[in-house]
Amino acid sequence: MRYALVSDIHSNLEALEAVLEDISAQAVDKLICLGDLVGYGANPNECVQRIRDLTSHVVIGNHDSAVVGQTEVSNFNPHARRAVTWTADTIDPENARYLSRRPYTDRIDDLLLVHATPSEPAAWNYLLSAPAARAEFQSFTESICFIGHSHQPIFFSLDEVPRSRKDERLVCETGERYIVNVGSVGQPRDGDPRSCYAIYDAGHRTVQLRRVAYDVKSAQRKILKAGLPPVLAARLSRGE
Ligand code: ZN
């Protein structure tokens with residue numbers, strides 16, 4: 001079984017379409033979405049519709065939750081807050097209802113799926129350090145937990161000494177457990193502007209991060225035309 005895991009699409013249709021095209025050539029059996037379908041970009045309805053049509057494994061992200069009024073926007077920075085308001089005004093009621101019904105966590109085979117952290121999925125904490133990851137491992141029993149949220153592709157393993165890596169490919173060792181952040185499709189923040197997603201091959205027990213170039217300029221033009229904060233367009237070319 002081969003899974004494609006996408007996260008943090010953030011209404012960036014150009015990025016999503018490029019990633020879906022890349023996925024179509026990867027002999028994938030199932031698509032999984034780790035949340036934040038909307039927020040920041042100009043195509044919330046198109047992105048939600050595309051994911052709805054392709055998979056039933058979709059967990060809710062903090063932006064999805066804020067757009068449907070389930071998470072306070074006071075913790076968001078002003079640009080993100082502006083994008084949440086714009087998205088709430090733009091999204092179809094049916095798509096909003098769909099987002100509001102997504103679960104915080106999902107399980108498929110021996111995988112746990114969550115947007116932020118397994119210990120407190122609704123607290124929207126960022127998991128960035130090895131010590132923090134070590135604590136998170138105590139809150140689930142599956143062999144791999146896939147996350148998004150920070151837009152930083154990274155692997156954490158449960159070793160004697162926890163370590164974090166940014167390798168492009170992870171070979172899962174028998175008996176070892178992992179937390180994998182699959183990066184962001186629609187707003188990469190690790191200095192590489194290309195979209196990021198992961199392929200998990202359950203048979204070979206490998207996780208591969210893939211980077212996909214997309215039409216950044218078109219996504220930027222739409223953000224500006226929609227009247228969203230220009231910084232949300234500018235950051236896409238820098239991958240930050
Ligand atoms: Zn996000």
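How many of the seven residues of strand E10 are buried? Seven of the seven are buried, so strand E10 (residues 195–201) is largely enclosed by the rest of the structure. The model is predicted: local features need pLDDT of at least 70, side-chain atom pairs count only at pLDDT 80 or more, and totals for chains, interfaces and linings use all residues. Residues are numbered from 1 along each chain as its sequence is written, and side-chain values use heavy atoms, without hydrogens and water.

View 1. Buried means under 20% relative accessible area, exposed over 50%, and partly exposed in between (1.4 Å probe, protein chains only). Strands (E, at least two residues) are DSSP runs numbered from the N terminus.

**View 2. Strand E10 with E1 and E11.** Two strands pair if DSSP finds at least two bridges between them. Strand E1 (residues 2–6) runs antiparallel to E10, joined by four bridges, and Arg-2 stands opposite Asp-201. Seven bridges join E10 to strand E11 (residues 206–212), also antiparallel; there Asp-201 has Thr-206 as its bridge partner. Four residues lie between the strands of the E10 and E11 hairpin, where Arg-205 takes a positive phi near 55°.
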